[in-house]
Amino acid sequence: MIMLEYVINQNKEVNDSVLLKNNFEKLNSTSNSYLRKNLDVIYYIYLADIYSKQFDKVNSKSNQLYAKANKIVKELGNPGLQIWLHTKFGFYYYNYSEYQKAFPHFMYASRVLDTTDHSEIIQKSNVYKLNAFFFGNVGNVEKSKDYLKLALDYTNNYDKEYGNILNALGALYYESKNYNNAKHYYELAKISAQKNHDQIRYAKILGDLALIYCHNKDFEKAIAYLKTDIDISEKENDERNVMFANIRLGKIYLNQNNITEAKKTIKLAEEYASTKDYLKSFELEINSTLLEIALKENDTQEELKLRRKLSDIESHLEKTDGKAIIDKINWDIQKKNFDYKFEAEQEKVERSKLLKNALIVIISLLILAIFLVFLALKRKMKIKNSDYENKVLLLQIEKLKSENKLNHTTKTLEDYKTYLSEKNQQIDTLNKEITKIQSSNSHDIETKKGELNKLLSSHLMTEENWNNFKELFIKEQAEYYNFLTINFPNLTNSNLRIIFLQKLGLNNTEIAHLLGITLDAVKKAKQRLKKKYDNYDTLFQENSVDD
């Protein structure tokens, strides 16, 4: 293991394929057959990295080399090398925004990583960091934080990567709206970058701190930080970071209503983003901002052109790193396939350990038996947690699908009716799952995490949802709404919620689900309306939605 670590570290900065080949030919000449196979894996991965940088995209040569490395790793049964390979393979796809292809590799690496002794893990700092980047980007924030903190434990604070990891932790806290912790980690990262003379990291941290100052309404300081970020990044020839900082700066100018500077700055970002297919998500952000500018300038021709362009970009992102890609991943199939592969690999590892440690097993049978019982209990607990997390994830995906479907429609009452019907089905499913888990041996997981109950609460109609629905209802059912205001004066928002939802065709149970109240509460509310208005019977007779 020490030998492999040494070889990886000695060759990680090599960017010339001839030099790389010469290095490994020397190593192979003095190695046995088993070690040569391990060295071949490292060589193929680094050669794939060189081709990746040359082509600056996912390419057939890199794909073939990673596949060859993967084939050898399966034969070797070395969990440390397996984790490193799949992390590198996944990050190769992730770096070029191919999230769907990256997903199975990071899932595999993560599962083996979580069940492998730390002493067997190769490149601990880098492996934890790269896995954290992926899981943070797909929304698994807590897993990402855990991995980044482990990466810090295995990184020397005089290493430039130390500041990179601190910076990434700050970004996770910022995304979680924990601005105090975000600033704390950004400041630590800034100190680390200065201490290690890492100019480009220092520039990026200034750009991240600018977001904190924006949040605190200190726009002058935010602009100054971003300009410094851009100056340093230009000197260091980091075009991607120049683009990223210009996007942020342009948005601040737009927020300040400085249209001229906003447009000029965003256009600078567009120049670089448009040259790389894997930067389409940034191009989407850039063109969305330009659309805002066109609307402010009442430039209808530019608006039409940008809307068409945004439509093309969104179509591209549906196949790469757009939000919709998550909906297309068949999580259940992935899980089953992964579980099968994971179990097979674990059995190989266990058989290998049993053969190597036969004498120890005979002498220490009682100790081993206790250890295996403990391992089984620990494994059972992990499987329970995994099943629970996957169940929550599938329910979250169903919720996102409904919301995305509504967001991509013209938002008519008929669309809302379909949306609310789906919500009710999801609420019903959640209630059944909560009841089911309470009577199972997994009830302690829900008691501790409460994810199902949180998801159930998120389905309730918020004030914002209600206002959007109310505005649409009044727009499409203006005559009926006028009828209500004339014939039923002093109706409260609570009254209108029940009236509008029933008018949309929802029954008492469905209304209760959406509003987060009991069925009796809905019935009593209607009874109070009946007592308050003598003409209650005419309440649902005029201008029905179906008409």
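Modeller: Contact here means heavy atoms within 4.5 Å. The model is predicted, with local features requiring pLDDT of at least 70 and side-chain atom pairs counted only at pLDDT 80 or more, while totals for chains, interfaces and linings use all residues. Residues are numbered from 1 along each chain as its sequence is written, and side-chain values use heavy atoms, with hydrogens and water left out.

Helices are DSSP runs of H or I with at least four residues, strands are runs of E with at least two, and both are numbered from the N terminus. Asp208 counts as buried because its relative accessibility is 9%; buried means under 20% relative accessible area, exposed over 50%, and partly exposed in between, with a 1.4 Å probe and protein chains only. Once neighbours within four places in sequence are set aside, Asp208 contacts Asn167, Tyr186 and Arg248.

As for the background, the protein has 28 helices and zero strands. Of its 547 residues, 44% count as buried. Among contacts with a separation of 6 or more, 63% join residues 24 or more positions apart. The accessible surface, from the Shrake-Rupley method with a 1.4 Å probe, comes to about 29900 Å², and carbon and sulfur atoms hold 51% of this surface.
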